[in-house]
Amino acid sequence: MANNFRLTGNVYVSKEGNDANSGLTPELPKLTVQAGLNALTTGQTLVIGAGVYKEAIYRGVVSGSFIIIADGHVVLDGNFVNDFILQNTNNGGSNIIVWNLYNITFINYRFIQTLSGS
């Protein structure tokens, strides 16, 4: 498997991955960004390997912070159909940080941030 991650994190996603993998090491990455997000817990970092990812991305209720970083040029393509949804609790303390923006291209997405709870 050709995973040439230069950055470190808690969960890894790669075009060479498999969603059945744990995603917890560069050698066993998830295939989709969605699966990587699902594997994150509060305070963790998701490292996305270079490539084009055509998928809907939905992060359910977030009660803490997490970071998404690109290790290489990453294109997140919503294909004019999919949304990028980040659902936060509105009782404070929730942050989603997208790092290495110069390496991440969002195309064909509609961004939605919703609040849940109180």
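**Basis.** I number residues from 1 along each chain as its sequence is written, and side-chain values use heavy atoms, without hydrogens or water. The model is predicted: local features need pLDDT of at least 70, side-chain atom pairs count only at pLDDT 80 or more, and totals for chains, interfaces and linings use all residues.

**Strand 2.** I took helices (H or I, at least four residues) and strands (E, at least two) as DSSP runs, numbered from the N terminus. I noted that strand 2 (residues 45–54) is largely enclosed by the rest of the structure, because seven of its ten residues are buried; buried means under 20% relative accessible area, exposed over 50%, and partly exposed in between (1.4 Å probe, protein chains only).

**Pairing.** I counted two strands as paired if DSSP finds at least two bridges between them. Strand 1 (residues 11–13) pairs with strand 2 in the parallel sense over three bridges, and Tyr-12 has Val-47 as its bridge partner there. Strand 4 (residues 66–77) also runs parallel to strand 2, joined by nine bridges; in strand 4, Val-74 stands opposite Gly-51.

**Core.** I looked up the largest nonpolar core, which has 15 residues; such a core is a set of buried Ala, Val, Leu, Ile, Met, Phe, Trp, Tyr and Cys residues joined through side-chain atoms within 4.5 Å. Strand 4 gives the largest share, five residues. Val-33 is among the residues with the most contacts inside the core. Beyond four places in sequence, Val-33 touches (heavy atoms within 4.5 Å) Val-13, Leu-46, Ile-48, Tyr-53, Glu-55, Ile-57 and Leu-76.
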